[in-house]
Structure formats: structure tokens, C-alpha cells
Amino acid sequence: LNGENRFKLKFDIWILSTFLKEITVYANTRLERMSSGRYVLRVSSAVSGNSLSGLDLEIYDSYTGGQRPAASLSGGETFMVSISLALGLADSIQAGNGGIRLDSMFIDEGFGSLDEASLENAIDILDEVRGNRMVGIISHVSELRTRIPQKIEIEKTPQGSRIVQS
């Protein structure tokens, strides 16, 4: 329990690692679609004996056939992984016992870092999510204005910001 085992993992880190593996399973259902099958999240199996060993994420890249650290992702790739992990966490929590429901989520920016195909895939997935929860998107990407059915738009003026009816 205190980390004096062949993996050098403390019990609490092992438990967190188990939850993280479950979350990545849920996250990958969306990440694979958003990345058109290119990326798969994996919990790193590398054990270094440090206090966070077992909680690192790696990305399997089908284009290269190899794994790389999550820190090597571009801005758009990081955004796709972040959305996938957030939705995976929500799915994991809801799948557990206790009847917990997460009825809403907010996504702040990041869409501008996606290429056209990735943006389309991300919007499609968020459209599906909106079927059973409210998704608030904070963005300056004009393409989202045409795709999001209900909006609250804010207009900046010299007198301050105001809500614009749309």
C-alpha cells in the first residue's frame, strides 16, 4: 500500500490510474471519431517510482504507428483530447453507481485551433451530446454561429458589453 512493491506504486496512485484507464476508454470513443481514427489515448505503463507515475497519458498515432507523450500534441490536437477527456469523465461518472447526472458542460475556446475536418467532427460529437445535456460553447469561431441552434451573443460597445438577440 505504501509503494514498496515491484511497481513502486502507492495504493492511491494505483486507484487513480484505474479510474484514468476507465475514463480513457470512454474518451477514446469520441477522440477516435474526432481525429478520423488517427489518435487513441493510453495511460502510460512506464513506472519511474515518482509520486505521479502511472498517471501519464500517451497518444497512439496511427499515422506513425507509434506512441508519443501527450505534451507533444499541437494546440488543435490538445483541444480534441481535452474535449474527449471531459466527456469521458462525465460518461464514467454517470456510468458509476449513485445515479449522478451531469446535465451541462461549458467549453471555452479552442475551436479556432482545429482544422476544418476536425472542427466538423467535434461539432458533430457536441451535437450528439446536446441530445441529453446542455453544452455551452464560448467561442469566436464564426462557423459555430451557423451550427449552434440556440445562442447568447455578446456585443462589445464603448459603453460596455450587451446581449444581442439572435
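The structure is a predicted model, in which local features need pLDDT of at least 70 and side-chain atom pairs count only at pLDDT 80 or more, while totals for chains, interfaces and linings use all residues. Residues are numbered from 1 along each chain as its sequence is written, and side-chain values use heavy atoms, with hydrogens and water left out.

## Overall fold

The protein chain has 4 helices and 7 strands. These elements are DSSP runs numbered from the N terminus, with helices (H or I) of at least four residues and strands (E) of at least two. Along the sequence, their order is α-β-β-β-α-β-α-β-α-β-β.

Contact means heavy atoms within 4.5 Å. Among the contacts in the protein chain with a separation of 6 or more, 52% are between residues 24 or more positions apart. The chain has 166 residues, and 33% of them count as buried. A residue is buried under 20% relative accessible area, exposed over 50%, and partly exposed in between (1.4 Å probe, protein chains only). The accessible surface of the protein chain is about 10,400 Å², and carbon and sulfur atoms hold 54% of it. Such areas come from the Shrake-Rupley method with a 1.4 Å probe; for residues, only the protein chains shown count as cover.

## The nonpolar core

A nonpolar core is a set of buried Ala, Val, Leu, Ile, Met, Phe, Trp, Tyr and Cys residues joined through side-chain atoms within 4.5 Å. The largest one has 29 residues, of which Leu 41, Ile 83, Ile 107, Phe 111 and Leu 114 touch the most other members. Two or more residues each are supplied by α1, β1 (39-43), β2 (57-61), α2, β4 and α3. The largest share, 6 residues, comes from α3.

What does Ile 107 touch, not counting residues up to four places away in sequence? Its partners are Phe 79, Ile 83, Leu 126, Val 135, Gly 136, Ile 137 and Ile 138.

The whole structure contains 1 aromatic pair. Phe 79 and Phe 111 form this pair, which is edge-to-face, with 4.8 Å centre to centre and 70° between the planes. Rings of Phe, Tyr and Trp (its six-membered ring) pair if their centres lie within 6.5 Å; planes under 30 degrees apart count as stacked, over 60 as edge-to-face and the rest as tilted. The pair joins distant parts of the chain, since Phe 79 is in helix α2 (residues 75-95) and Phe 111 is in the loop between β4 (104-108) and α3 (116-129), 32 residues apart. Phe 79 counts as buried because its relative accessibility is 10%, and Phe 111 counts as buried because its value is 1%.

Ser 84 also lies in helix α2. Is Ser 84 buried or exposed? With 0% relative accessibility, Ser 84 counts as buried. Beyond its neighbours within four places in sequence, Ser 84 is in contact with Ala 27, Arg 30, Leu 31 and Met 34.

## Features at the surface

Phe 11, Trp 14, Ile 15 and Phe 19 make a nonpolar surface patch of about 410 Å². Patches are made of residues with over 30% relative accessible area and no salt bridge: like charges are joined within 9 Å, nonpolar side chains (Val, Leu, Ile, Met, Phe, Trp, Tyr) within 5 Å. Trp 14 belongs to helix α1 (residues 11-34) and is partly exposed, at 46% relative accessibility.

Ser 36 is in the loop between α1 and β1. Ser 36 has a positive phi of about 55°, although it is not a glycine, and is exposed at 57% relative accessible area.

## Salt bridges

Side chains of opposite charge can pair when their charged atoms come close. A salt bridge is a side-chain nitrogen of Lys or Arg within 4 Å of a carboxyl oxygen of Asp or Glu. The whole structure contains 8 salt bridges, including those below.

| Asp 91 | Arg 30 | 2.5 Å |

Asp 91 in helix α2 and Arg 30 in helix α1 are 61 residues apart, and both are buried. Glu 128 lies in helix α3 and Arg 33 in helix α1, so this pair ties together parts that are 95 residues apart in sequence. Glu 128 is partly exposed at 45% relative accessibility, and Arg 33 is partly exposed at 39%. A network of salt bridges links Arg 38, Asp 61, Arg 68 and Glu 77.
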